[in-house]
Amino acid sequence: MELSERKLKILQAIISDYVRSAEPVGSRTLSKKYELGISPATIRNEMADLEEMGYLTHPHTSAGRVPSDKAYRLYVNALMEKKELSREEKNIIAERLKSGVSEFEKTIEHAASLLSEITNLTSFALTPSQNDDALKFINLLPVDERTVVLMIVAESGKISNTALRMKVPYTEENLQLLAKTMTYNYKGKTISEVLTNNIIANFETDITAMSGLAENVMPNFMKTLEDMLNVNLYMEGLTNIFDIPEYNNLDKAKSFIEMLSQKEDFTKKLMAREDGIIVTIGEENQEDVMQDCSLITATYHVDGKMVGKIGVIGPTRMRYGEITSIIEYLTDNLNNVFKLESGGNEDDE
């Protein structure tokens, strides 16, 4: 049996209505609300065919139908119309991403928060692997007699501040000299190069006052670089799940939150996804606990090469066209923010 134009039109109407209402859709509803040009009886026959073809399901004793995962997949691939965001919506996204956020990590966290706020779903953002990120400069800032802050700034804009307890006395001049020497040695080298080429063995100085400092600082420097390689996952809007009818069941909502609380496993799943905007629906997700969910991810770039992921997770009854448009626009702006921070120019595009 083929999907005629009439069947497609009915299926699209059912999906649109169910996404809005979360209530099974009947033929009478379709006849009243949509100009399909056919009788309720004809609509019922077509709905029966669509159910037989696996595009609709018939929940419990309700007279209405709901879309299946197969229907949502067809909708995303062929029927979905992306929503054009209003100028106001675009301005909100663009301005709020730029508003006072300069550090890489905070920008990513801010983007996840903004996405959750706009979509009313649970959102996430995954920082890129930093293997290819090069160091920009290193600084050592005195706090008190025994405490120094080690600041490492990468070319991507990522900043790491680590408080060090000093075992030897120091002067501000010695700290500055050591910081300048470290910057000279490591600027432009990737984190992976610094960690794997045993550069520390070649880091020598004849200044007696500095040798103790270097011995104290360098192991902490290497440990901080290792930490910078770690991928961070930011999640926002976990409690939004309780506002969604599908999760009125407390056990179901609890399972959803427990799944997302396993951050290490969830991070691995996200990292394994392909680049670009990827939508997985219901049973397309391998994990049992995710088979009632849809997951939308997009990739963002830093300096044209470092790739992280951002997206949302929620019920299969999702506003796919609107949400993919929001994610796409937010990702484009995130790319522009990082381009500007790394010294690019919007006019270069």
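**From a buried aspartate to the aromatic pairs**

D17 has its place in helix α1, which covers residues 5-21; helices here are DSSP runs of H or I with at least four residues, numbered from the N terminus. This is a predicted model, in which local features need pLDDT of at least 70 and side-chain atom pairs count only at pLDDT 80 or more, while totals for chains, interfaces and linings use all residues. Residues are numbered from 1 along each chain as its sequence is written, and side-chain values use heavy atoms, with hydrogens and water left out.

With a relative accessible area of 4%, D17 is buried (under 20% relative accessible area, where exposed means over 50% and partly exposed in between, with a 1.4 Å probe and protein chains only). Apart from neighbours within four places in sequence, D17 is in contact with A22, V25, T29, K33 and Y34, contact being heavy atoms within 4.5 Å.

Turning to the rings, the count of aromatic pairs is four, where rings of Phe, Tyr and Trp (its six-membered ring) pair if their centres lie within 6.5 Å, with planes under 30 degrees apart counted as stacked, over 60 as edge-to-face and the rest as tilted. One of them joins Y72 and Y320 in a tilted arrangement, 5.7 Å centre to centre with 50 degrees between the planes. Because Y72 lies in helix α4 (residues 69-79) and Y320 in helix α13 (residues 320-341), this pair ties together parts that are 248 residues apart in sequence. Y72 is buried at 1% relative accessibility, and Y320 is buried with a relative accessible area of 1%.

Technical notes. Helices (H or I, at least four residues) and strands (E, at least two) are DSSP runs, numbered from the N terminus.
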